[in-house]
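Work through the exercises below with the sequence and the model open. Each task is followed by a solution in steps.

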There are 2 protein chains.
Amino acid sequence: MDEIEHNVEEREDFTGIKLRPSIIYYPKNEEEVVKIVNYARERRIPVISWGAGTSLSGHLKCDGCILIDMKYMNKILEINDIDWYVRVQPGVNLEKVFKEVESKGFFLPPDPASFFLCTVGGATANSSGGMRGVKYGSFREWVLAVKVVLPNGHVVKVGEPLRKNRGGYDLVHLFVGSEGTLGVITEIWLRLIPKPREPTETILAYMRSFEDTAFVITEMRRRKILPDLAEYIDGDIIRLLNKHLNADLKESDGGALLIVVGKDAVKDMLDILQGRTLELKIAEGEEADELYSVRAKAVLALKAESPNIIVEDIVVPISRLTDAIIKLKEIERRENVRMPLIAHIGDGNLHPNIIADTVKEPEKLFEEVGRIAIDMGGSVSGEHGIGYQKANLLKEQVLKHNGRDVLEIMMQIKRVIDPYDIMNPDKYVELAYKLMNE
Amino acid sequence: MDEIEHNVEEREDFTGIKLRPSIIYYPKNEEEVVKIVNYARERRIPVISWGAGTSLSGHLKCDGCILIDMKYMNKILEINDIDWYVRVQPGVNLEKVFKEVESKGFFLPPDPASFFLCTVGGATANSSGGMRGVKYGSFREWVLAVKVVLPNGHVVKVGEPLRKNRGGYDLVHLFVGSEGTLGVITEIWLRLIPKPREPTETILAYMRSFEDTAFVITEMRRRKILPDLAEYIDGDIIRLLNKHLNADLKESDGGALLIVVGKDAVKDMLDILQGRTLELKIAEGEEADELYSVRAKAVLALKAESPNIIVEDIVVPISRLTDAIIKLKEIERRENVRMPLIAHIGDGNLHPNIIADTVKEPEKLFEEVGRIAIDMGGSVSGEHGIGYQKANLLKEQVLKHNGRDVLEIMMQIKRVIDPYDIMNPDKYVELAYKLMNE
């Protein structure tokens with residue numbers, strides 16, 4: 001194993017979790033990944049892949065594991081002009097792929113806020129979402145196929161780079177979002193579409209209140225407006241963006257809505273917003289891009305405020321948005337804490353951010369927020385995944401919404417594919433299952 | 001079990017396969033389905049669900065099985081105006097759902113050609129595709145959640161009716177397209193979007209030749225035109241539509257392309273078609289709807305010609321379209337047979353139809369056509385599924401593209417969920433696996 005580049009060091013993920021791997025390997029190709037997996041399996045050492053460390057739910061926690069750093073497996077292997085896919089290695093930076101496919105007239109929609117930092121491997125393993133999710137969905141809707149080194153050391157391709165494929169049970173969607181627990185992804189085919197031709201406009205609306213915001217989104221749905229983007233940041237986030245990133249936004253307690261819609265829907269949107277805003281701005285072109293980019297950086301502003309943030313990631317049905325926001329406000333008042341809110345509000349995906357230093361029992365608060373989603377028929381994660389931090393909430397969600405058998409089936413699938421229990425063990429489904437049987 | 005409505009009769013699916021169930025039950029609700037599954041499991045009798053019998057790959061073949069006819073479980077349970085989903089029972093007719101959601105301003109895109117006959121349960125179990133697949137994908141992209149009676153008799157919900165959900169491994173996509181082999185679906189949540197606002201135009205082009213057609217589609221891709229629809233019928237199909245359904249189409253050996261694109265792409269399309277058509281027509285409104293509906297009925301014209309049709313359903317990469325069509329023509333010449341071609345050509349999904357009476361060894365021909373797809377990196381099924389007829393081709397595809405382990409994993413998943421082997425046994429994954437180990 002000495003021939004594969006390696007070293008020993010401690011690392012920290014984006015949220016500050018410390019990783020203490022026994023060794024870090026830097027494979028240059030699939031064959032080296034196979035060697036590492038075989039080595040790990042023979043010794044029953046846990047294996048975890050590292051893309052850029054932007055995990056937000058503790059997926060990477062690792063004491064004594066073998067960490068596979070994908071920094072050399074970072075190539076764009078093919079952009080297929082006729083079959084409309086891009087094939088990449090897992091370590092490639094997502095923004096790089098965006099730029100490359102855009103230069104060829106294509107569009108790859110899913111855009112986790114960390115797109116300028118994260119890797120395609122990480123976004124695939126986590127089925128990451130993003131701002132464009134309201135219209136285009138998460139990574140799982142864009143991954144056509146993956147190559148995987150299975151725990152047994154065999155290399156397989158799952159799925160096909162085709163728009164339509166009914167070749168057996170759909171295992172692609174099992175691997176997308178499996179958080180490194182089923183194998184090591186070494187190649188990814190992503191579906192591309194042409195850059196949209198429809199002209200859009202960007203509306204930045206400083207809102208009078210939270211309640212007005214929920215009303216606007218609900219009314220948008222009632223009138224059947226499907227936006228390209230519908231993002232929300234609250235007053236606290238606005239202040240942090242101004243403070244740490246000189247964002248030059250208007251400070252307003254009601255927060256701001258950023259909505260991108262087709263030109264034909266602008267009139268309708270302005271009608272809905274009427275009387276509910278403090279100030280409103282319509283942007284196009286570069287100015288619109290700038291607003292998108294400010295929103296994308298909100299989490300950096302938070303991190304600048306405190307290194308110790310717990311980012312929540314709940315989804316509530318849009319029809320329950322107002323109720324959810326009232327509940328969040330209640331918690332803030334009761335606990336006298338700040339939970340600055342960033343939201344992909346158009347799809348009900350809310351990120352209340354717990355600044356851990358300001359809270360006595362942040363984990364307790366974290367779970368309470370998760371339960372708001374469960375009680376409303378929502379989900380404890382929309383795009384950040386489960387890791388170890390949300391395993392208990394996952395268990396509660398499955399028991400309440402799906403039935404005990406569903407977690408049973410998930411766990412048995414884990415056992416089928418990883419009988420050695422070496423792939424990112426003791427997290428996610430495995431941990432939720434353990435908690436269910438305690 | 002006498003309290004559940006039942007009878008004994010023989011049936012025939014759409015392709016003429018005879019079904020000889022030992023009994024047919026007509027459950028009125030989920031509780032009755034649970035009783036039937038428990039009864040079947042205790043006696044180890046195979047269970048198969050019947051929606052409308054429009055299966056095209058032999059999914060329903062059944063000697064001595066218990067057939068569950070879903071004709072009473074045919075309700076639209078909820079159309080949610082804010083959360084944008086429709087919740088239905090499996091036995092509901094798909095066209096009925098289309099009409100109902102359209103009357104409320106919504107759009108449910110996936111449209112198998114049998115939409116006026118088939119049920120949502122069948123289309124979900126099969127992950128059916130259709131003409132709009134080129135833009136909107138197959139059923140698997142529209143099913144948010146399903147309720148399932150598992151083989152152990154427990155009722156679970158898999159997935160959530162949310163746009164984003166990272167609550168555990170993605171099992172929804174495992175059940176969608178599982179062809180009744182993992183459980184009995186009793187409720188389905190489908191995602192809705194607003195009726196598209198962008199105006200489109202419909203182009204009907206009678207083509208000079210097959211080669212011209214392949215050129216046009218490839219060029220469309222190269223120029224990054226994403227159509228709403230790109231359908232092809234060959235000269236034979238045109239003649240059958242005129243003969244049996246008075247379709248009033250121009251008879252031309254080169255066949256006809258039916259393309260729907262946004263108004264802004266019409267000029268580009270006409271430019272591509274230039275010099276490659278015999279006649280060309282641009283339609284809007286009712287006339288366009290009429291063309292769509294003629295195309296949708298092509299398979300009925302075929303059936304009127306001969307009850308004995310084997311409908312192929314291969315997918316080839318668009319970049320290999322010309323090669324694929326040359327290979328199909330070669331087979332026709334060599335065997336001196338007719339294989340009228342219907343194609344969702346925009347996504348590479350081809351349906352050469354083997355008129356079995358005209359061929360000596362139709363099954364051999366069927367497999368040869370399937371291998372064209374496998375050899376070109378395509379798929380042996382785009383939307384009709386595997387049933388028992390394509391199990392051997394599925395095996396070949398997996399061995400060539402994916403690796404033996406992939407079929408192993410699929411089979412183990414079947415065993416995990418259905419250890420009693422009562423759910424539509426001896427077909428699909430199970431049969432492919434058997435063939436692999438022979």
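**Exercise 1. Cysteines**

Is B:Cys65 buried or exposed? The model is predicted, and the answer is to be read from it.

Solution. B:Cys65 has a relative accessibility of 1%. Buried means under 20%, so B:Cys65 counts as buried.

Next, find the partner of B:Cys65 and describe the link.

Step 1. B:Cys65 is joined by a disulfide to B:Cys62, with an S to S distance of 1.8 Å. The cut-off for a disulfide is a pair of cysteine sulfur atoms within 2.5 Å.

Step 2. The angle about the S-S bond is -85°, and the link of B:Cys62 and B:Cys65 is left-handed.

Step 3. B:Cys62 is buried, at a relative accessible area of 2%.

Step 4. Turn to chain A. A:Cys62 and A:Cys65 form a disulfide with their sulfur atoms 1.8 Å apart. This link is left-handed, with -85° about the S-S bond. A:Cys62 is buried at 2% relative accessibility, and A:Cys65 is buried at 1%.

Step 5. Over all chains the count is two disulfides.

Step 6. Two further cysteines can be checked for burial. A:Cys118 has 4% relative accessibility and so counts as buried; B:Cys118, at 4%, counts as buried.

**Exercise 2. The second largest pocket**

Describe the second largest pocket by its volume, its lining and the domains that contribute to it.

Solution. 

Step 1. The volume of the second largest pocket is about 890 Å³.

Step 2. The lining has 31 residues, and those closest to the pocket centre are A:Phe107, A:Arg132, A:Thr200, A:Asp289 and A:Tyr292.

Step 3. Four elements of chain A give two or more residues each to this lining: helix H2 (94–102), strand E14 (200–207), strand E16 (256–262) and helix H9 (285–296). H9(A) gives the most, with seven residues.

Step 4. Sorted by type, the lining residues are 15 nonpolar, four polar and 12 charged.

Step 5. Chain A is assigned domain 1 (4–69), domain 2 (76–194) and domain 3 (200–375). Domain 2 and domain 3 of chain A each supply at least three residues to the lining.

Step 6. For the layout of the chain, note that the C-alpha centres of domain 1 and domain 3 of chain A are 35 Å apart.

**Exercise 3. A helix residue in chain B**

Solution. 

Step 1. Locate B:Thr218 in helix H6 (residues 210–222) of chain B.

Step 2. Its relative accessible area is 13%, so B:Thr218 is buried.

Step 3. With those sequence neighbours left aside, B:Thr218 is in contact with A:Ile82 and B:Ile318.

Conventions
Residues numbered from 1 in each chain as written. Chains lettered and ligands numbered in written order. Predicted model: local features only at pLDDT ≥ 70, side-chain atom pairs only at ≥ 80, totals over all residues. Heavy atoms only, no water. 1 Å grid on protein atoms, 1.4 Å probe; cavity = no way out; pocket = protein on both sides within 12 Å on 5 of 7 lines; lining within 4 Å. Points joined across faces, edges and corners; volume = space filled by probe spheres on them. Nonpolar A, V, L, I, M, F, W, Y, C, P; charged D, E, K, R; others polar. Domains from an automatic or database assignment. Buried < 20%, exposed > 50% of the residue type's maximum accessible area, 1.4 Å probe, protein only. Contact = heavy atoms within 4.5 Å. Lists of a residue's contacts leave out its neighbours within four places in sequence.
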